[in-house]
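This briefing describes one protein model for a reader who is new to structural analysis. Please keep the sequence and the structure in view while reading.

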Amino acid sequence: MNGGIPDRVPVCLHNFCMAVDEFGIGMENYLRDPEAAARAHLEAQAKYGYDCILIDLDTTMLAEAMGAKTDATPGEPGHIAEPAITSLDEAASLPEINPETDGRIPVLLEAIRIMRKDVGDTVAIRGNCD
């Protein structure tokens with residue numbers, strides 16, 4: 001972070017599915033409960049000692065916040081069941097989202113806050129919102 005050469009290559013795993021399974025969180029809890037999402041990542045980081053927590057609820061989060069309908073197979077991340085728009089011509093009608101209130105984005109933000117309180121500045125946290 002200071003522009004120097006690290007003593008080793010930093011490790012940042014995209015491992016939310018593994019962490020959910022390994023620590024018995026349950027995907028349904030992980031996707032909706034910030035405490036469960038944070039615990040999955042904190043336990044995985046503590047066990048494996050990597051340098052950066054990469055938290056990602058799933059790839060439907062923003063689309064859902066903009067009005068897409070999501071569906072999830074039990075134990076699996078969500079997928080889009082019905083898009084918010086069916087044509088690029090409708091893109092201008094998509095709502096402006098508020099990350100503090102819309103969809104599951106608040107779950108992600110709160111999980112990041114919980115993790116930051118736990119790890120302080122000793123572990124980097126990368127929050128994906130795609």
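In this predicted model, the side chain of Tyr-48 makes a polar contact with the side chain of Glu-22, at 2.7 Å. Tyr-48 belongs to helix α3, which covers residues 34–48. The points below begin with this residue, continue with an aromatic pair and end with the protein as a whole.

**Tyr-48 and its surroundings**

- When neighbours within four places in sequence are left aside, Tyr-48 is in contact with Met-18 and Glu-22.

**The aromatic pair**

- How many aromatic pairs does a search of the whole structure find? The search finds one.
- The pair consists of Phe-16 and Tyr-30, whose ring centres are 5.6 Å apart and whose planes meet at 15°, so the pair is stacked. Planes under 30 degrees apart count as stacked.
- Phe-16 lies in helix α1 (residues 16–22) and Tyr-30 in helix α2 (residues 27–32), so the pair ties together parts that are 14 residues apart in sequence.
- Are Phe-16 and Tyr-30 buried or exposed? Both residues are buried.

**Overall architecture**

- The protein contains five helices and five strands.
- Along the sequence, these elements follow the pattern β-α-α-α-β-α-β-β-α-β.
- Taken along the principal axes, the C-alpha atoms fill a box of roughly 50 × 35 × 25 Å.
- Of the contacts with a separation of 6 or more, 59% are between residues 24 or more positions apart.

**Burial, surface and charge**

- The protein has 130 residues, and 33% of them are buried.
- The accessible surface comes to about 7700 Å², and carbon and sulfur atoms account for 53% of this area.
- There are 10 positive and 23 negative side chains in the protein.
- The centres of these two sets of charged side chains lie 5 Å apart.

Definitions and conventions: Residues numbered from 1 in each chain as written. Predicted model: local features only at pLDDT ≥ 70, side-chain atom pairs only at ≥ 80, totals over all residues. Heavy atoms only, no water. Helix = DSSP H or I, 4+ residues; strand = E, 2+ residues; numbered from the N terminus. Contact = heavy atoms within 4.5 Å. Polar contact = N/O pair within 3.5 Å; in protein donor to acceptor, adjacent residues only side chain to side chain. Phe/Tyr/Trp six-rings, centres within 6.5 Å; stacked < 30°, edge-to-face > 60°. Buried < 20%, exposed > 50% of the residue type's maximum accessible area, 1.4 Å probe, protein only. Areas by Shrake-Rupley, 256 points an atom, 1.4 Å probe, with all protein chains shown as cover. Lys, Arg positive; Asp, Glu negative; His and termini not counted. Charge placed at Lys NZ, Arg CZ, Asp CG, Glu CD.
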